[in-house]
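The following note sets out some points for a colleague who is examining this entry.

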Amino acid sequence: MKNSKVTRVNRWGYIFLIPFFLTYVIFQVIPLCSTIYNSLFENYRSGLKQIGPNFVGFANFAKLLGTIDVWNYFENTLFMWIGGFIPQIVVSLLLAYWFSDPSLRLKFQQFFKTVIYMPNLIMASAFAMLFFTLFADQGPINSILISMGILKEPFKFFASVTASRVIVMFMNFLMWFGNTTILLLAGMLGIDSALYEAAEVDGATSSQVFFRITLPILRPILLYVLVTSLIGGLQMYDVPQILTNGKGDPAKSTLTVIMYLNQHLTSKNFGMGGALSVIMFFITGVLSIVIFNLNKRKD
Amino acid sequence: MKKKVLSVLLSAAMAASILAGCGQAAAPAAPAADAGSDASEAEAEAPAAEAETPAADTAASGEGGKVLNIAAWNEEFKTRLTDHYPGYEVVDGTHGKIGDVTVNWLITPNENNAYQDRLDEILLGQESASQDDKLDMFLVEADYALKYVDTEYAASVEGLGINLDETKDQYQYTKDIMTDSNGVLKGVSWQGCPGVMIYQRAVAKEVFGTDEPEEIQKLFADWNKFNESADKLKEKGYLTTASVADTWRVYQNNVSKPFVDGTTIQIDDNIKKWAEDSKDLYDRKCTTTVQQWTDDWNKGFYPEGKVFCYFGPAWLIDFCMAADTEGSIAHDGGWAATEGPQGFFWGGTWICGCEGTDNADLVADIMRKMTMDPAVMKDIVLKDNDFVNNRPVMEELANDTSYQNAVLGGQNALKMFCAGADKIDMSNLTAYDQGLLGDYQTSMMGWMNGNFASYEDALEDFYKSAEVRYPELTH
C-alpha cells in the first residue's frame with residue numbers, strides 16, 4: 001500500500017518534468033542530430049543559387065581536418081581562454097576569501113559585490129565597441145600614453161598580435177570575474193565556521209587555513225567553475241567578433257573556432273558549418289570528461 | 001482528490017504556457033514597421049489574413065500596392081528621393097509617403113556582407129511574402145551588381161513600362177553592367193562614378209607653394225612622382241593618404257583581368273603592385289593601415305587629421321566628407337580636385353525593380369524622375385554636386401562657368417569627371433569583388449603591419465579567407 005502511494009506521487013514528478021524534457025528535445029537534441037546530419041552534405045549558396053544538398057559523406061570533415069587552420073583557431077581560442085581564466089580565478093578567490101572572512105569586517109560589501117558584477121551585465125558587443133574605441137590608433141588610451149610621455153607615436157593595438165589577444169583576455173577577465181566571485185563566495189560561506197574556529201584555536205596561520213581548509217572543501221565548486229568556464233571559453237565569440245569586425249585580425253590570431261564557424265555562414269555553408277560544430281562538440285566532450293576524471297582520481 | 005485536480009490543472013497550465021510560446025510565433029507579425037527589426041522574419045511569417053486580399057493583380061490593373069519597400073545600405077538614395085522626387089514626404093527615420101503609398105526603407109550597412117545577406121533572405125522569401133511585405137525596389141553597387149543582375153529577382157526595366165529610348169542620355173557603362181546575359185536591362189543609376197584625387201588646398205600651398213590643380217597634377221602625375229611628393233609631405237608632418245586602402249580603387253580599376261576567372265581566383269599584377277607600393281609608402285610613414293569608414297580614417301576630413309588627399313568620385317565629396325559639420329575642411333571649401341596618377345571609378349548605385357512588385361508604375365516613375373529627367377538630374381548636380389548619369393546635362397554644366405562646387409573651394413571639376421566617365425570600363429568586374437577586395441586588403445594590411453613575413457604568406461591568408469567566404473572558389 002505504502003509503496004504504491006510513493007509510485008503515484010513519483011508519477012507526478014515525471015509529469016512535472018515533461019516541460020523540461022520537451023524543451024530539451026526540441027531545442028537541444030533535435031538541433032544536435034540535425035547538425036550531425038547536415039555535416040554530411042555539400043550545401044551552400046553561390047550568389048543566389050543554392051548548391052546541394054548533395055550527400056558527400058565525411059568530405060567536409062576531411063577538408064576541415066586536412067589543413068592546420070582549424071587547429072590554429074582552436075589554439076587561439078584556448079590561449080585566449082586560459083589567459084583570461086587564470087587572472088579571473090586568482091582575483092575571484094582572493095575577493096571571495098576577503099568577503100567571506102568575518103574577521104576582516106569589510107564595509108560596503110553589498111556595494112562592492114554589485115560593482116564587480118556590473119561588467120557582466122553590459123552586452124559583450126557594447127563592451128567590445130567601447131574597448132575598440134578606447135584602444136583605437138587615435139583613441140584616448142594612445143592620447144593618454146603620449147601626453148604622459150610614455151609613447152612617442154600612437155601604438156597600434158589592433159595591429160599587434162600580443163596586444164589584441166591581451167585585450168580580448170582582459171575583457172573576458174573583466175566580464176566574468178564578478179560572476180566567479182559570487183559563485184566561490186557562495187561556496188565559501190557554506191563552509192562550517194567551526195572548522196575555522198578550530199584552526200584558529202590550533203594556531204593555524206591564515207594561509208594555512210586557506211590552503212588546508214577553504215580550498216579542499218571548495219573543490220567541487222572550483223571544478224564547476226572550471227568546466228563551465230572551459231565550455232564558455234571554447235565557444236568564445238562575441239568579444240573578438242565585435243572587436244575585430246569578424247575578421248580575427250591581426251593575421252587571424254584572434255580568430256576563434258566559433259568565429260570561423262560564423263564565417264562559413266556568410267555563404268550559408270551548412271555542410272562545413274555542421275562539420276565544424278560536430279568537431280567542436282567532440283573536443284568539448286573529451287576535455288570535460290578529462291577534467292572530471294582528474295578530479296575523481298584525486299578522490 | 002482535490003490535490004489531484006490541482007496537480008492536473010497545474011500541469012495543464014504549464015503545458016499551455018509552453019504551447020503559448022509557439023502560438024506567438026504564428027500570430028500575425030507586425031508589419032515590417034521599423035527597419036531595425038528583422039525583415040526576413042517578418043516576411044516569412046506574413047499574416048495569412050492579408051494574403052487573402054486580392055492584391056496579386058493590382059499591379060496589372062494600375063492600382064498600386066499601399067507599401068513601397070526599398071532595400072539599401074545607406075541613406076544616400078533616401079536623401080536623393082527626399083530632396084528631388086516630387087511629392088515625397090518624410091514620415092520618420094525609416095518611413096516616407098508618396099501620395100497614399102507608404103515608403104518603407106530597409107537599410108542595412110554593407111559591413112561584413114550584412115546588406116547582401118539580408119537582401120538575399122528577402123529576395124529568396126519573396127514568393128511567400130504578402131504583397132505589402134514584398135520588396136519593390138533594391139539598390140546594388142558595382143562590387144556585387146553582377147550577383148543580382150543575372151537573376152530572376154531583378155525586374156526588366158522595359159517590363160516596368162520604360163521605353164529603353166528614354167535611357168539614351170545615360171552613360172553606356174552604367175547600362176552595360178546592368179544588362180544580363182540575355183541582353184535585358186535590369187537596373188538604372190542616377191550617378192556616374194569617375195574618381196579624382198581630392199587634396200587639401202592649404203597643405204598644397206604650404207608644402208608645394210601652390211594649390212592650382214594643374215600644378216599639383218604635375219607633381220602627382222604618375223606613381224613615381226606620387227611617391228616623391230609623398231616624401232615632401234612627410235617632411236612637413238602630413239600623411240599623403242589616410243589609409244593604404246584609399247589608392248586601392250586606382251590600382252584595381254586598371255587591371256587587365258578580373259579577380260575571378262570561372263571559379264579560380266587570380267591576382268592581377270596591378271593588384272600585387274598595390275600591395276607592394278602601399279607597403280613601401282606605409283614603411284616610409286606616409287600613410288596608415290586603418291580601415292576605411294572608421295573614425296581613424298574619417299579624421300582626415302578635419303584639419304587635425306593632417307591628411308593631404310583622398311581618392312574618390314563625386315559622391316565621396318558630396319556625401320562622405322562631412323561638409324555639413326562645422327570645422328571640417330569640406331565645410332570651409334578647403335579641398336580641390338585633380339586627376340591623380342591614374343583614372344579610376346568607385347562604386348555607383350543602381351536602382352533595380354523587384355520581379356513581382358505591386359507598385360510597378362511607381363517604381364518606373366521613380367526610375368524615370370531620378371535617373372532620366374534632365375531637370376531633376378541638373379537639380380541634383382546643382383544642389384548636391386553629385387555626378388549624374390546624363391551626358392548632355394553634365395557636359396552643359398562642365399562648360400558653365402557659373403557652376404561652382406563649394407566643397408572644392410569653387411572649382412568646377414566637372415570637365416575632369418566627364419573625361420573620366422567616358423573612360424570607365426567595368427568589364428573586369430565580378431560578382432565576388434566586394435568580398436574579395438575586403439579580404440585582400442585585410443591580409444595585405446596584416447603584411448604591412450608585420451604580421452606576415454612576406455607577400456606570399458599574406459596571399460595564402462587571403463586565399464583562406466576568400467575560400468571560406470565563397471566555397472566555390474579555388475586558387
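How many helices and strands does chain B have? The points below begin with that question and refer throughout to a predicted model.

1. Secondary structure. Chain B contains 21 helices and 14 strands. Of its 475 residues, 47% are buried. Among contacts in chain B with a separation of 6 or more, 74% are accounted for by residues 24 or more positions apart.

2. Domain division. Two domains are assigned in chain B: domain 1 comprises 39-44, 58-192 and 348-379, while domain 2 comprises 194-345 and 411-469. Each is therefore written as more than one segment of the chain, given bounds that come from an automatic or database domain assignment. The C-alpha centres of domain 1 of chain B and domain 2 of chain B are 30 Å apart.

3. Contact between the domains. In chain B, 13 residues of domain 1 are in contact with 13 residues of domain 2. On the side of domain 1 of chain B that touches domain 2 of chain B, helices α7 (145-149) and α8 (172-176) of chain B each contribute at least two residues. The residues on that side of domain 1 of chain B comprise six nonpolar, three polar and four charged.

4. Contact between the chains. Chain B contributes 31 residues to the contact and chain A contributes 29 residues. Five elements of chain B, namely α1 (2-26), α6 (114-124), α14 (295-298), α20 (433-448) and α21 (455-469), each supply at least two residues of the side that touches chain A. That side of chain B has 11 nonpolar, 11 polar and nine charged residues.

5. Packing of a helix pair. How do α5 and α17 of chain B pack, and at what angle? Helix α5 (residues 76-84) of chain B packs against helix α17 (residues 374-384) of chain B at about 110 degrees, and their axes are 11 Å apart. Because angles of 65 to 115 degrees count as roughly perpendicular, α5(B) is roughly perpendicular to α17(B). The crossing of α5(B) and α17(B) is right-handed.

6. Residues at the crossing. From α5(B), the residues B:R80, B:D83 and B:H84 meet B:V376, B:D379, B:I380 and B:K383 of α17(B). By class, this contact of α5(B) with α17(B) holds two nonpolar, one polar and four charged residues.

Terms used. Residues are numbered from 1 along each chain as its sequence is written. Chains are lettered from A and ligands numbered from 1 in the order in which they are written. This is a predicted model: local features need pLDDT of at least 70, side-chain atom pairs count only at pLDDT 80 or more; totals for chains, interfaces and linings use all residues. Helices (H or I, at least four residues) and strands (E, at least two) are DSSP runs, numbered from the N terminus. A residue is buried if 20 or more other C-beta atoms lie within 10 Å of its own, exposed if 12 or fewer, and partly exposed in between; C-beta atoms are placed from the backbone. Two residues are in contact if their C-beta atoms, placed from the backbone, lie within 7 Å. Ala, Val, Leu, Ile, Met, Phe, Trp, Tyr, Cys and Pro count as nonpolar, Asp, Glu, Lys and Arg as charged, and the others, Gly among them, as polar. Axes are lines fitted to C-alpha atoms, for helices over the stretch in contact, and angles run from 0 to 180 degrees between N-to-C directions. Angles under 35 degrees count as roughly parallel, over 145 as roughly antiparallel, 65 to 115 as roughly perpendicular and the rest as oblique. A crossing is left-handed if the near helix is turned anticlockwise from the far one by less than a right angle, and right-handed if clockwise.
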